[in-house]
Amino acid sequence: MASADPLKPGSEDREQVQVKVQGQESLQKQNHYLCGSMAAFANIAITFPIHKALFRQHLFGLRVREAVLQLQADGLRTLYRGILPPLLQKSSTIAIMFGLYEDFLRLLQLHAPHAPELLTQSVAAVWAGTAEAILTPFERVQTLLQDPRHHGNLQNTAHIFRILLKQHGIQELYRGLVPILLRNGPSNALFFGLRGPLKELLAEAETNAGNLVNDFICGAILGAGLGVVFYPLNVVKSHAQAQIGGEFQSCRTVLKAVLRERDGRVSGLFRGVHLNFQRSVFSWGIINATYELLLKMF
C-alpha cells in the first residue's frame with residue numbers, strides 16, 4: 001500500500017488552518033492592549049476635571065467645595081492643563097494592565113496547568129501591575145503640572161521632563177515609585193480576581209445593552225471599592241511627587257508628615273475620598289464597559 005504523501009492537499013489545508021488560527025490568536029492578544037488603551041483614553045477625556053479637583057484635595061487637604069472653587073478661580077484655560085501625561089500614562093498603563101495580564105495568565109496556564117485558577121490569576125495580575133510602574137514618570141509629571149505652586153515655573157510636559165532629567169537625573173522621574181508598586185500589584189490582583197465572580201452575582205443580561213450595564217456596574221463597584229482601600233497610598237504618592245530635588249523620603253516618613261499636617265488624625269488621610277469614590281465609579285465603570293465592548297467589536 002502506498003504511504004500517504006505529506007504534501008497532499010489535505011496536509012496543506014491543515015497547515016493553512018493552523019496558520020490562520022495562530023494569526024487569530026496573535027490578533028486577539030493585540031486586541032487586549034488596543035481595547036485597554038482606547039477605554040482609558042475615553043475615561044480620561046471625560047473625568048479629568050474631577051481628577052484635578054481630587055488632586056487638590058490630596059495635596060492641600062481641601063474640602064470638595066474649596067477644591068472646585070480653586071479650579072473655577074484658575075479658569076477654563078488651565079482646567080485641562082496637565083491632561084497629556086495622564087492620557088499617555090493611563091492609555092499605556094491600562095493597555096499593559098489588561099494586555100499583560102492576559103499574556104501572563106496564558107503563560108502560567110501553559111507552564112503550570114494544574115495550579116489553582118485563583119493563584120494564576122493573582123500572580124498574573126501582580127506581575128502586570130508591577131510592569132505598569134515603569135510608567136511612573138508620567139504620574140510624576142502629571143503631579144507637578146497639577147500643583148498650582150508650579151504653574152509659574154513649569155510650562156508643559158516636555159519642559160518638566162527636560163528640567164528633571166537635566167538638573168536631577170532619571171531617578172527624579174521615579175520619585176513616588178514605592179507607593180505606586182504597593183498600590184498596583186494588590187489592586188490588580190483584587191480587580192481581576194473579583195471581576196468574574198461579581199458579574200456572576202448580577203442578573204444575567206439578555207441583550208448587548210444589558211451586558212454593557214453589567215460590565216459598567218462590575219467596573220464601578222470594584223474601582224470605587226479599591227480606590228477607597230488604597231486611597232492613603234495615593235495621598236502619600238502625591239505628596240512625595242510634589243517635591244522636586246532633595247532627599248528621597250520613605251513612605252513611612254511621608255505618611256508621618258501628612259498626618260502631622262492633618263492634626264494626627266487617620267481620617268485626614270481620607271480627605272477627598274468621597275470625590276475619589278464618585279470619580280472611580282465613573283472611571284472604572286467606563287473603562288471596564290468600554291474594554292469589554294471594544295473586545296467584542298474587534
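1. α1 (9-60) contributes the most residues to the lining of the largest cavity, namely 7. Helices here are DSSP runs of H or I of at least four residues, strands are runs of E of at least two, and both are numbered from the N terminus. A cavity is a set of points on a 1 Å grid, laid over the protein atoms alone, where a 1.4 Å probe fits but cannot get out, and lining residues have an atom within 4 Å of a point.

2. This is a predicted model, in which local features need pLDDT of at least 70 and side-chain atom pairs count only at pLDDT 80 or more, while totals for chains, interfaces and linings use all residues. Residues are numbered from 1 along each chain as its sequence is written, and side-chain values use heavy atoms, with hydrogens and water left out.

3. The chain has 11 helices and 0 strands. Of its 298 residues, 46% are buried (under 20% relative accessible area; exposed is over 50%, partly exposed in between, with a 1.4 Å probe and protein chains only). The chain exposes about 16100 Å², and 62% of that comes from carbon and sulfur atoms; areas are by the Shrake-Rupley method with a 1.4 Å probe. Taking contacts (heavy atoms within 4.5 Å) between residues at least 6 apart in sequence, 79% link residues at least 24 apart.

4. The structure has 1 cavity of 30 Å³ or more. The largest cavity holds about 760 Å³, a volume being the space filled by probe spheres set on grid points that are joined across faces, edges and corners. It is lined by 40 residues, with K90, R183, N234, R279 and W284 closest to its centre. At least two lining residues come from each of α1, α3 (84-111), α5 (136-146), α7, α8 (208-229), α9 and α11 (273-297). By class the lining has 14 nonpolar, 20 polar and 6 charged residues. Nonpolar covers Ala, Val, Leu, Ile, Met, Phe, Trp, Tyr, Cys and Pro, charged covers Asp, Glu, Lys and Arg, and the others, Gly among them, are polar.

5. The largest pocket has a volume of about 320 Å³. A pocket is an open set of points with protein on both sides within 12 Å along at least five of seven lines. Of the 21 residues that line this pocket, H239, A240, Q243, Q249 and V254 lie nearest its centre. Two or more lining residues are given by each of α7 (177-201), α9 (231-241) and α10 (251-261), and α10 gives the most, with 5. This lining is made up of 13 nonpolar, 5 polar and 3 charged residues.

6. α9 is largely enclosed by the rest of the structure, because 10 of its 11 residues are buried. Among the buried residues of α9 are N234, H239 and A240. N234 is one of the residues closest to the centre of the largest cavity, and H239 and A240 are among those nearest the centre of the largest pocket.

7. G82 is in the loop between α2 (64-74) and α3. G82 counts as buried because its relative accessibility is 10%. Beyond neighbours within four places in sequence, G82 contacts F48, Q142 and L145. The C-alpha atoms of G82 and Q146 are 6.1 Å apart, although 64 residues separate the two along the chain.

8. The whole structure contains 0 disulfides (pairs of cysteine sulfur atoms within 2.5 Å). C218 is buried, at 2% relative accessible area, and C251 is partly exposed, at 21%.
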